[in-house]
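My entries follow in the order in which I made them.

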Protein chains: 2
Amino acid sequence: MNKAVPMVEVWRGGLLESAHSGHAVICDASGSIVEAWGDPAAVIFPRSSCKMLQALPLVESGAADAFGLSESQLALSCASHQGAALHTGAVSRWLADLDLSEADLRCGSHEPYDRTERDRLIRAEARPCQIHNNCSGKHAGFLTLTKHLRAGPDYVALDHPLQRAVKAAFEEVTGEASPGHGIDGCSAPNFATSVLGLARAMAWFAAARDGGSARETAAARLTRAMATYPEMVAGEGRACTELMRAMGGRVAIKTGAEAVFVAILPDQKLGIALKIVDGASRASEAAICGLLIRLGVLEAQHPAAQKRLGAPMRNWRGIETGVLRLAPGFA
Amino acid sequence: MNKAVPMVEVWRGGLLESAHSGHAVICDASGSIVEAWGDPAAVIFPRSSCKMLQALPLVESGAADAFGLSESQLALSCASHQGAALHTGAVSRWLADLDLSEADLRCGSHEPYDRTERDRLIRAEARPCQIHNNCSGKHAGFLTLTKHLRAGPDYVALDHPLQRAVKAAFEEVTGEASPGHGIDGCSAPNFATSVLGLARAMAWFAAARDGGSARETAAARLTRAMATYPEMVAGEGRACTELMRAMGGRVAIKTGAEAVFVAILPDQKLGIALKIVDGASRASEAAICGLLIRLGVLEAQHPAAQKRLGAPMRNWRGIETGVLRLAPGFA
């Protein structure tokens, strides 16, 4: 944490009110660092930013095709969705297609981030179910592979064939043995790696082409699915969805809890990974905007970029109170 | 920001996942530093942590007594409440007693943090009003003084007699000329000071006794009101309320946005102020627990302390995922 560098500043009334530091790496397809800030060797948990890595076995095993998953479902398997009707409907149908139900999920329940669905539940005096969990698409993907493998129901166990396959793919594409794992919010194991390892994995995704190895083809399909169905990856109003739309399907990006953000740039064959050490998403969103603008794939003046970096912050009466800026020397 | 020191760590799976740095000062009644971490001279916005300073003119002017405010109302004037029925009812009655209405407030509206009231509004298809704003008690106090002064309705304007009185009191008890101001979430001016200035103000509150100057007597009354009515200062489940209860009314504490926390310890005549530079409340809550435990006024094993510092973090299925700890060398 010590080598983290200032990345994002929060200003109010002409004074610096708060500040965020972090690590970031831009990597090329050879696995080399193009540019870095902070410590590329810093060990982090990618959290949900590595969902496309966790989905590799689903596709490369042939399970996705055996069950006829659509590109939109592949996007959902990489999602931290907000539990809107769009997402819950898709996961419900997916589970039904597998002859499974909500009870087969292992992600737990939380209130959906989507306001319309949240309010609908409250008015119906209904409780959120596991399908509302932002990770339920990933877990539907896990269940698909579990069924394909005819493996046991506890698919989040570290020694389950699915998680062993995830770990093998994760370590190959990060180019590092994982130094440990934690249990994620959705109960799945989350494997640690360095910021460089995660950026290297994203660059490998960026360079992956159809017709390569099964793993490469899987990566190319997942990247395309995310960039083509940004609304499935997060939801209306959220950073991943709005920024991928702003970049016109040319770049896939993904946030993770505790302020991780990654980007896959197929045209440039570049990958990005960043971690804000304090875990604040407002800062990881601003920082990824800064790097995407620097690389020329996001317009600084686009409303989706401005919303996270540069537009005035306003209070409950709409009065301008301050602004988020990149720290001098970053991006 | 550069001299901030590590204060709080977030661990997962045996690895350090996130970390928070900050500044903290413990001050005595002479205004001298008893102990400090980071940079005592760091300039911060106290945000809501200085509500008891903003309430000084209300009491010392005689307005509070002229309008017969209760001790519970004085606590509410220092509150960041969660908009539960307890709070909204009290503010509504207070406004009615002033022959004023919700429309006279200048704080703006936001959804109440209290789940019961939030769900009630949603079921009634009703929108939150300004009374739900966590600052509406402070604003009811502002309106009381405005009426007492026969001043104009725009009581959040920097040149309004009320805000001029707030600034004068603020600068006297912090012992510093304020280097600037910002506009707070509730639209009131928020005056900047150093972490030391804010700790000095809290120590002055801690030493203030009834029968001293009008300002000292006001401070003693406000401290007693906060410590006696902790449920009015925040609400069920929240840090200020639970921790003041855990300390049995001997200490008044207050959180502020962007991770400021202060404490007033009348028995020891000590004041505390701290700021986590990244603005994360989970860290300021853990850090103030650490300092209160260190000073012997909070039991480390008390559930209210453990909830913020030491108890396992659990995910949506109740599985232990990690823990918040103090950084080595802090508190």
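**Entry 1: a salt bridge within chain A**

I count a salt bridge when a side-chain nitrogen of Lys or Arg is within 4 Å of a carboxyl oxygen of Asp or Glu. I note that the model is predicted. By that rule A:Glu60 and A:Arg215 form a salt bridge, with the closest N and O atoms 2.7 Å apart. I placed A:Glu60 in helix 2 (residues 56–60) and A:Arg215 in helix 10 (residues 214–228) of chain A, so the pair ties together parts that are 155 residues apart in sequence. I then looked up how accessible the two partners are. A:Glu60 is partly exposed at a relative accessible area of 25%, while A:Arg215 is buried at 16%. The cut-off for buried is under 20% relative accessible area.

**Entry 2: further pairs**

A:Glu176 and A:Arg200 meet through their side chains in a salt bridge, at 3.6 Å from N to O. A:Glu176 sits in the loop between helix 8 (161–174) and strand 5 of chain A, and A:Arg200 sits in helix 9 (residues 195–207) of chain A, so this pair ties together parts that are 24 residues apart in sequence. I read A:Glu176 as partly exposed at 21% relative accessibility. A:Arg200 is also partly exposed, with a relative accessible area of 22%.

B:Glu35 belongs to strand 3 (residues 33–37) and B:Arg294 to helix 13 (residues 281–294) of chain B, so parts that are 259 residues apart in sequence are tied together. B:Glu35 is partly exposed at 26% relative accessibility, and B:Arg294 is partly exposed with a relative accessible area of 39%. I also followed shared partners: salt bridges join A:Arg12, A:Glu17, B:Arg47 and B:Asp184 into one network.

**Entry 3: how the chains are related**

**Entry 4: the interface**

I count 47 residues from chain A and 47 residues from chain B in the contact. Of the interface residues of chain A, 100% are also interface residues in chain B, so the copies meet through the same surface. The size of an interface is often given as the accessible area lost when the parts come together. Chain A and chain B bury about 3900 Å² between them, and 52% of that is on carbon and sulfur atoms. In chain A, the residues that lose the most area to chain B are A:Glu17, A:Trp316 and A:Arg317, together 16% of what that side buries.

How many salt bridges does the rule find across the interface of chain A and chain B? I get 10. One that I looked up joins B:Glu111 to A:Arg118, with the closest N and O atoms 2.8 Å apart. For polar contact across the interface, the rule finds 32 residue pairs.

I then sorted the side of chain A that touches chain B by element. Strand 2 (15–28), helix 6 (115–123), strand 5 (181–183) and strand 12 (320–326) each supply at least two residues to that side. Strand 2 of chain A gives the largest share, six residues. By residue class, that side divides into 15 nonpolar, 15 polar and 17 charged.

**Entry 5: two loop residues**

Is A:Val277 buried or exposed? A:Val277 is buried, with a relative accessible area of 9%. I located A:Val277 in the loop between strand 10 (270–276) and helix 13 (281–294) of chain A. The C-alpha atoms of A:Val277 and A:Phe170 are separated by 22 Å, and the two residues are 107 residues apart along the chain.

B:Asn134 lies in the loop between helix 6 (115–123) and helix 7 (136–149) of chain B. B:Asn134 is buried, with a relative accessible area of 9%. I listed the contacts of B:Asn134, leaving aside neighbours within four places in sequence; among them are B:Ser48, B:Lys51, B:His81, B:His110 and B:Tyr113.

How values were computed. Residues are numbered from 1 along each chain as its sequence is written. Chains are lettered from A and ligands numbered from 1 in the order in which they are written. This is a predicted model: local features need pLDDT of at least 70, side-chain atom pairs count only at pLDDT 80 or more; totals for chains, interfaces and linings use all residues. Side-chain values use heavy atoms; hydrogens and water are left out. Helices (H or I, at least four residues) and strands (E, at least two) are DSSP runs, numbered from the N terminus. Buried means under 20% relative accessible area, exposed over 50%, partly exposed in between (1.4 Å probe, protein chains only). Contact means heavy atoms within 4.5 Å. Buried area is the accessible area (1.4 Å probe) that two parts lose on being put together, summed over both. A polar contact is a pair of N or O atoms within 3.5 Å; within protein, one must be able to donate a hydrogen and the other to accept it, and residues adjacent in sequence count only if both atoms are side-chain atoms. Ala, Val, Leu, Ile, Met, Phe, Trp, Tyr, Cys and Pro count as nonpolar, Asp, Glu, Lys and Arg as charged, and the others, Gly among them, as polar.
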